[in-house]
Amino acid sequence: MPSEDPFDTILVVDFGAQYAQLIARRVREAHVYSEIVPHTMSAAEMLARRPKAIILSGGPKSVLEEGAPSLDTGVYQAGVPVLGICYGAQLVAQQLGGEVAHTGRGEYGRTPLSVVGSSLLFTDLPTEQDVWMSHFVSIVAAPAGFHVTARTPEAPVAALEDPDRRIYGVQFHPEVIHTARGQEVLKHFLYDVAGCRPTWTMSSIIEQSVAAVREQVGSEKVICGLSGGVDSAVAAALVHKAIGPQLTCVFVDTGLMRAGEAEQVEQTFRNQFQIDLVHVKAADRFLEALNDIQDPERKRKIIGETFIRVFEEVAADFEDARFLVQGTLYPDIIESGTKDAAKIKSHHNVGGLPDDMQFSLVEPLRNLFKDEVRAVGEELGLPEEIVWRQPFPGPGLGVRIVGTITRERVEILRAADAIVTEEIKRAGLYRSLWQSFAVLPAVRTVGVMGDERTYAYPIVIRAVTSDDAMTADWARLPYEVLERLSSRIINEVPGVNRVAFDITSKPPGTIEWE
Ligand code: XMP
């Protein structure tokens, strides 16, 4: 971003794993804009982005390893403040002439830190504090011109700095919540060392996005596919704020949505925001296309293709529209420092629309993390049910009905799923779970209700915690919640006579059953 922009920019150099994203988010929580860049980026390219400061992330390797990721040392000569964290601090020490060594004594987890010198980073902080460590090699000598400002029992150089050149390093992780005063250390770096202004706020983010959308689309017409999920909803609301009646939203009801989802979209976008909304009721078409299909991948393909056909047909009515809104988020486009992730992923939120559609993309969320998207959604007045809705797969209930999909089976699953959502919310667990839902397997089991033998479907309850859906753990739902779920689902959903709870993590299971 150019310097006349309302935001200062911090570059977070990514040395692998998830460290950089967390640092970037913490910087933004301090109301300073941050971008993640790969460690392979040259100093000239970094400086071309006019950063107010550069933060070097931690990483899974040791600087002593052959082929460990490195950094263009031009970064240290640019006069831009630098903060190295963990691996980043070791790199600062190593590249500027200090010493990093295998001492045989690493530190993992909570570690007592003693501040031993005066440092802007530790202003107003206690001289003794617990910090979070994770290192198996240590900085044993700071480079010439640096002084040591903190140590721990096993790290003689736990923090170092050359305040004249504004180069700092901390061996501990200020970005993790286990370092209780870590955010203050980061803020001292951002405000006191780098002189950043805390202008990355919700209202300024919205203001800037609105201006950018207006500039991009001018007086052209724009269409936006709504899925019912948070990303497309916030993107639509932002674009609507920017260009009002130039926007038309399209909601394709596949018949495989959660209970109340279509009504919620109508209520929010047509009634509350008064957005021009095309609601395509395509359930029959999807069910017909899925008739007798059992294979999960074929289901996905059919649902995806049918979605595209329907969307194209609707879009044909808007031949004067030149732009299509997509809810792409920042994590989808981060240029990662890890080798194979260096390419930029393109992520289609609207069911994988084909490239040959004659639209230019409008991506108003492409600089935002998910928590920022939610905050923007709340600020724009979107209802809580949409802003905090758990993720839902594009193929919808179609991949939660194992075996053939019939209207009857969709109704059973939708009703059971609504009870799961209701009870999980009632127990105050909804936001803490990554996903919680019902699955309908392809078997029937024997039961007895009253004096009658029954032969009906079981419902499986799936509830997981996760940060990113790559791995997940099954949620330890309280017995009372499970009990209510079991009794309500069996009593209220005809065709169900048994409830089971899935206690499989990912891996080895996946989150969805198909
Ligand atoms: P799995 O089941 O692979 O799911 O552990 C990981 C995350 O991805 C979602 N998911 C999908 N999302 N289209 C989507 O848009 C799909 O075909 C699909 N399959 C799974 C799933 O809900 C979870 O959040």
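Buried means under 20% relative accessible area, exposed over 50% and partly exposed in between, with a 1.4 Å probe and protein chains only. This is a predicted model, in which local features need pLDDT of at least 70, side-chain atom pairs count only at pLDDT 80 or more, and totals for chains, interfaces and linings use all residues. Residues are numbered from 1 along each chain as its sequence is written, and side-chain values use heavy atoms, with hydrogens and water left out.

**Figure 1. The whole protein.** Of its 514 residues, 54% count as buried. The secondary structure comprises 15 helices and 21 strands (DSSP runs numbered from the N terminus; helices are H or I with at least four residues, strands E with at least two). Along the principal axes, the C-alpha atoms fill a box of roughly 80 × 60 × 40 Å. The accessible surface is about 22,400 Å², and carbon and sulfur atoms hold 50% of it (Shrake-Rupley method, 1.4 Å probe; for residues, only the protein chains shown count as cover).

Figure 2. Arg300, Pro393, Gly394, Pro395, Trp434, Gln435, Ala469, Lys506, Thr510, Ile511 and Glu512 surround the ligand (a residue is near if one of its heavy atoms lies within 4 Å). This shell divides into five nonpolar, three polar and three charged residues (Ala, Val, Leu, Ile, Met, Phe, Trp, Tyr, Cys and Pro are nonpolar; Asp, Glu, Lys and Arg are charged; the others, Gly among them, are polar).

Figure 3. The side chain of Gln435 places an N or O atom 2.8 Å from a ligand oxygen. Ile511 uses a polar backbone atom, at 2.7 Å from an oxygen of the ligand. Alone, the ligand exposes 490 Å², and the protein buries 69% of that.

**Figure 4. Thr179 in its loop.** Thr179 lies between strand E11 (167–170) and helix H5 (182–193). This residue is buried, at 3% relative accessible area. Its side chain reaches the backbone nitrogen of Trp132 at 2.8 Å. A polar atom of that Thr179 side chain also lies 2.8 Å from the backbone oxygen of His173.

Note on methods
Polar contact = N/O pair within 3.5 Å; in protein donor to acceptor, adjacent residues only side chain to side chain.
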